[in-house]
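Colleague: I have just opened this structure and would like to learn how to read it. Let us take it step by step, please.

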Amino acid sequence: MLSALVKEGKLPAVDQRLPEKPTVVEVPEIGQYGGDWRRAYKGPGDRWGPTKLMEERVVKWSQQPGGPLKLKPGYISSYSVSEDSREFTFTLLKGLKWSDGQPVTTEDVRFWYEDVFLNKAILANIDQTLAPGGKPMQLEIVDEQTFKVKFDQPYVYFLEILAKDSTGDPSLDRPSFLFPKHYLKQFNNKYASEEELKAAAAKFGVTKWTDLWGSKGAATAWWQNPDLPVITAWKIEKPAPSDVVTMVRNPYYYAVDQAGNQLPYIDRISHRLFSDQEAFNLMIVQGQVDMQMRYVEPQDFTFYKENEKKGNYAVHRWTQAQTWSLVPNLNMKDEALRALFEKSDFRQALSIGIDRETINELIFSGLAEARQASPVTGSPNYDAELEKHWAEYDPKKANALLDKVGLDKRDSEGFRLRPDGKRVQIVVEMQHANGPKTMEIIAANYKDIGIELLPRIIDRTQWDANRDNNSFQMQWYPFDRLSVVAADPRIMMGNDSYAHQYYLWYSTKGSSGIEPPADHPIRRVFTDWDKASKALNREQADAALNDLIKTFVTEGWVIGVVGESPALSIVKTNFKNFPDNLIEDDITRGIGLGATQQMWMKQ
């Protein structure tokens with residue numbers, strides 16, 4: 001594909017497109033170029049699936065099958081950490097280029113830091129993971145390739161955080177510290193006039209120029225803007241909304257295989273729109289999916305295995321570092337229900353009132369295990385006791401606990417009544433295929449203890465909006481980031497989960513969100529992260545982090561049901577270099593841990 005463009009004079013030769021010393025990826029088998037990797041997506045809101053296929057980080061997680069997780073350099077030639085963990089030095093690959101051929105230098109780093117990261121119009125609040133102790137990271141540019149990041153205090157977990165979340169908002173693929181200044185300055189108020197910014201907003205069809213920025217930003221989200229220069233293996237070609245969204249290879253990608261062939265091998269990735277699980281499964285059986293992990297559900301394992309020959313594929317397995325959970329909203333607007341959720345005995349009753357073993361057998365084909373939302377086996381934070389906390393099935397005890405919290409009055413159908421006389425009802429939202437059947441079982445379990453569960457199926461866009469607007473009571477989803485907790489402790493701290501408004505209050509130093517009561521145990525969680533993030537050494541940091549995890553699990557704010565289920569993938573027989581036996585987690589960037597740029601299709 002690229003050779004033809006070189007012959008036509010539309011592209012420089014490969015040695016002019018690569019860095020002086022490209023990153024070498026030791027691939028299991030040297031691949032062939034070409035191919036259109038077909039997969040499926042659920043619509044414009046399903047942007048994280050394609051993003052995880054190709055994210056780049058300054059440091060990345062890597063894993064050999066069955067081995068430990070390790071950090072390795074990304075688009076840099078080297079990195080170093082000072083003895084006191086306050087200073088981190090990174091050196092960019094010499095000759096690294098954006099996808100439009102422009103050089104990547106520390107000017108792009110300076111632009112990200114001075115004109116985006118510290119720009120209140122674009123980023124009103126700096127995430128606390130980049131401002132330990134409330135003081136944002138500082139940047140020092142050394143030369144065209146080298147820059148230093150400094151903190152006022154030790155920060156032993158900084159590299160783990162970068163490997164997971166990079167430098168976070170306001171982009172989607174989050175290429176740590178890097179924004180293409182030559183392109184994005186036209187949308188930045190430090191460089192463009194008010195009239196130019198208005199014109200840019202009008203061109204992209206958004207209300208104001210700041211809407212051009214962010215993970216859904218019209219200009220800065222790779223998923224929406226084909227003109228945005230990237231350093232990833234592929235770039236968007238035909239964006240959503242569309243029946244088929246396509247990504248095309250980046251001719252300037254910085255890595256090669258051990259034989260010196262530029263990666264990626266695959267020319268295009270096509271994402272075909274689907275509406276429901278049955279339609280997706282039909283695509284698999286009809287051979288329309290070349291490789292996919294996202295939406296390949298454990299409850300359909302038998303179906304996938306039975307149709308392997310017909311669909312010309314094999315089912316592969318990783319391990320999911322997550323627990324499927326009921327996640328109540330401690331900040332919900334229904335004050336009477338919120339008061340119940342804040343009672344430990346009520347949360348315990350909801351947890352021990354669930355028959356997890358039946359759910360595992362009937363919904364997850366017995367492939368998962370009954371467990372609590374806690375670090376998974378193999379995690380440095382794994383604790384066998386925490387895994388089983390409030391995870392036993394004991395409806396008799398659950399009933400007694402509910403009587404104890406004052407819910408001892410019932411209506412004619414046997415459902416308990418709240419202090420305000422209304423029935424105890426909980427609306428649970430779900431957007432995953434296993435939701436409806438799982439909720440049937442849990443609703444029946446809860447009826448036995450006098451609680452009415454009302455399941456609601458919603459789409460991903462509405463789901464995100466309900467979390468953002470604090471307008472949900474409970475959600476059903478895989479509670480993840482349970483492998484390397486230090487890499488992203490925020491979900492356990494309430495962020496985008498059970499207490500988002502409390503977390504906002506903490507992370508914005510009280511300028512937004514809801515302040516938790518003075519005696520609320522979530523304050524211990526916040527204090528423990530403050531301790532961990534400024535600890536003098538890893539031993540002290542790990543001790544504080546484990547205290548945080550223990551409080552989170554033993555308080556039972558999130559009701560884990562089943563976890564450690566296999567992450568299944570459909571892999572066509574001609575799809576090569578797909579690794580087995582890795583950890584699937586948001587922290588390890590999902591399928592991205594498998595190094596998609598090394599995968600190839602036999603022509």
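Predicted model: local features only at pLDDT ≥ 70, side-chain atom pairs only at ≥ 80, totals over all residues.

Colleague: What is the strand order in the open sheet with antiparallel pairing?

Modeller: Begin at the edges, where strand E5 (76–81) and strand E7 (138–141) stand. Each has a single partner strand, so one side of each is left without a neighbour in the sheet. Neighbouring strands here are turned by 20° against each other on average, direction ignored. Reading across the 4 strands, the order is E5-E6-E8-E7.

Colleague: Over how many bridges do strand E6 and strand E8 pair?

Modeller: Look at residues 87–92 for E6 and at residues 146–150 for E8. Thr91 is a handy landmark, as it stands opposite Thr146 in E8. The pairing of E6 with E8 is antiparallel, and its number of bridges is 5.

Colleague: Which residue in the turn of the E5 and E6 hairpin has a positive phi?

Modeller: E5 and E6 run antiparallel and are joined by 5 bridges. Ser78 stands opposite Thr91 in E6. There are 5 residues between the two strands of the hairpin, and a positive phi of about 55° belongs to one in the turn, Ser85.

Colleague: Which strands does helix H4 touch as it packs on the sheet?

Modeller: H4 covers residues 106–117, and its direction makes about 155° with that of E7.

Colleague: Now another sheet. How many bridges join strand E14 to strand E21?

Modeller: These strands belong to an open sheet of 4 strands with mixed pairing, in the order E13-E21-E14-E23. E14 (residues 313–320) and E21 (residues 566–572) run antiparallel, and the bridge partner of Tyr313 in E21 is Lys572. The number of bridges joining E14 to E21 is 7.

Colleague: How many residues of the contact of H18 with H19 are nonpolar?

Modeller: H18 passes H19 in a right-handed crossing. H18 brings Tyr502, Tyr503, Trp505 and Tyr506 to the contact, while H19 brings Ile522, Arg523, Phe526, Trp529 and Asp530. Of these residues, 2 are charged, none is polar, and the nonpolar count is 7.

Colleague: Which way do H19 and H20 run relative to each other, roughly parallel or roughly antiparallel?

Modeller: Helix H20 spans residues 538–555, and its axis comes within 8 Å of that of H19. The two cross at roughly 165°, and the crossing is left-handed. Since angles over 145 degrees have their own label, H19 and H20 are therefore roughly antiparallel.

Colleague: How far apart are the axes of helix H12 and helix H15?

Modeller: H12 takes up residues 344–352 and H15 takes up residues 395–404. H12 passes H15 in a left-handed crossing. The angle between them is about 155°, and their axes lie apart by 8 Å.

Colleague: Finally, the whole chain. What is the radius of gyration of the protein chain?

Modeller: The chain has 20 helices and 24 strands. For its 603 residues the globule rule gives 25 Å, and the chain comes close to that, so it is as compact as a globular protein of that length. The C-alpha atoms fill a box of roughly 80 × 60 × 50 Å along the principal axes. The radius of gyration itself is 25 Å.

Methods. Residues numbered from 1 in each chain as written. Heavy atoms only, no water. Pairing = 2+ DSSP bridges. Axes fitted to C-alpha atoms, helices over the stretch in contact; angles between N-to-C directions. Contact = heavy atoms within 4.5 Å. Left-handed = near helix turned anticlockwise from the far one by under 90°. Nonpolar A, V, L, I, M, F, W, Y, C, P; charged D, E, K, R; others polar. Rg over C-alpha atoms; globule rule 2.2 N^0.38 Å. Parallel < 35°, antiparallel > 145°, perpendicular 65-115°, else oblique.
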